[in-house]
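Please look over the sequence and the structure shown below, and then work through the questions that come after them.

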Amino acid sequence: MRRKKIVKRERQVRCITLEMELQRQMGSYTDLVLLNALVDEHFGSIRALAKAAGISERTLNRRMAGKSQFKFDEILRLAYVFSMTDEEPHEIFFVRYLAA
């Protein structure tokens with residue numbers, strides 16, 4: 001059972017790494033509305049999420065306000081504390097701008 005979790009985690013890390021490279025090349029943004037909804041549903045406050053994820057509250061506030069982008073390790077931590085599936089981090093952190 002533990003081996004399955006490790007393999008799943010490694011696959012998630014590889015996928016997020018590829019998405020971050022694409023983000024640098026093509027540009028994308030974080031779906032802050034969806035992320036805020038998850039925070040409200042699971043933790044109730046950014047302070048509680050920051051403590052659970054091991055991210056400073058100030059840093060998380062800046063990311064949630066869209067003032068700076070989430071870093072790789074922060075995305076992994078949030079995916080872990082929210083118990084996200086493999087697809088969910090992509091739907092939240094790597095949303096592409098749609099060309100009109």
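Predicted model: local features only at pLDDT ≥ 70, side-chain atom pairs only at ≥ 80, totals over all residues.

Q: Which element of the chain has the lowest mean pLDDT, and which the highest?
A: The lowest mean, 65, belongs to strand β1, which covers residues 28-29. At the other end, with a mean pLDDT of 95, stands helix α3.

Q: What share of the residues is buried?
A: A residue is called buried under 20% relative accessible area, exposed over 50%, and partly exposed in between, with a 1.4 Å probe and protein chains only. The chain exposes about 6,800 Å², of which carbon and sulfur atoms supply 54%. Of the 100 residues in the chain, the buried share is 32%.

Q: What percentage of the contacts with a separation of 6 or more joins residues 24 or more positions apart?
A: Contact here means heavy atoms within 4.5 Å. Among the contacts in the chain with a separation of 6 or more, the share from residues 24 or more positions apart is 70%.

Q: How many salt bridges does the whole structure hold, and which residue is the partner of E57?
A: A salt bridge is a side-chain nitrogen of Lys or Arg within 4 Å of a carboxyl oxygen of Asp or Glu, and a search of the whole structure finds two. In one of them the side chain of E57 meets that of R47 at 3.1 Å, N to O. Because E57 lies in helix α4 (residues 57-64) and R47 in helix α3 (residues 46-53), the pair ties together parts that are 10 residues apart in sequence.

Q: Which residue forms a salt bridge with R63?
A: The side chain of R63 takes part in a salt bridge with an N to O distance of 2.8 Å, and its partner is E74. R63 lies in helix α4 and E74 in helix α5 (residues 72-81), so the pair ties together parts that are 11 residues apart in sequence.

Q: Which backbone nitrogen does the side chain of E74 reach?
A: E74 is one of the buried residues of α5, together with I75, L76, L78 and A79. Leaving aside neighbours within four places in sequence, E74 is in contact with I55, T59, R63 and Q69. At 2.8 Å, the side chain of E74 reaches the backbone nitrogen of K71.

Q: How are the rings of F43 and F82 arranged?
A: Rings of Phe, Tyr and Trp (its six-membered ring) pair if their centres lie within 6.5 Å, with planes under 30 degrees apart counted as stacked, over 60 as edge-to-face and the rest as tilted. By this rule the count comes to two aromatic pairs. In one of them the centres of F43 and F82 are 5.6 Å apart and the planes stand at 75°, so the pair is edge-to-face.

Q: Where do F43 and F82 lie, and how many residues apart are they?
A: F43 counts as partly exposed at 26% relative accessibility, while F82 counts as buried at 7%. F43 lies in the loop between α2 (32-42) and α3, and F82 in the loop between α5 and α6 (88-93), so that the pair links distant parts of the chain, 39 residues apart.

Q: Which residues are in contact with I46, leaving aside its neighbours within four places in sequence?
A: I46 lies in helix α3. The C-alpha atoms of I46 and N36, 10 residues apart along the chain, are separated by 8.7 Å. With those neighbours left aside, the residues in contact with I46 are V39, L60, N61 and M64.

How values were computed. Residues numbered from 1 in each chain as written. Heavy atoms only, no water. Areas by Shrake-Rupley, 256 points an atom, 1.4 Å probe, with all protein chains shown as cover. Helix = DSSP H or I, 4+ residues; strand = E, 2+ residues; numbered from the N terminus. pLDDT = per-residue confidence, 0-100. Polar contact = N/O pair within 3.5 Å; in protein donor to acceptor, adjacent residues only side chain to side chain.
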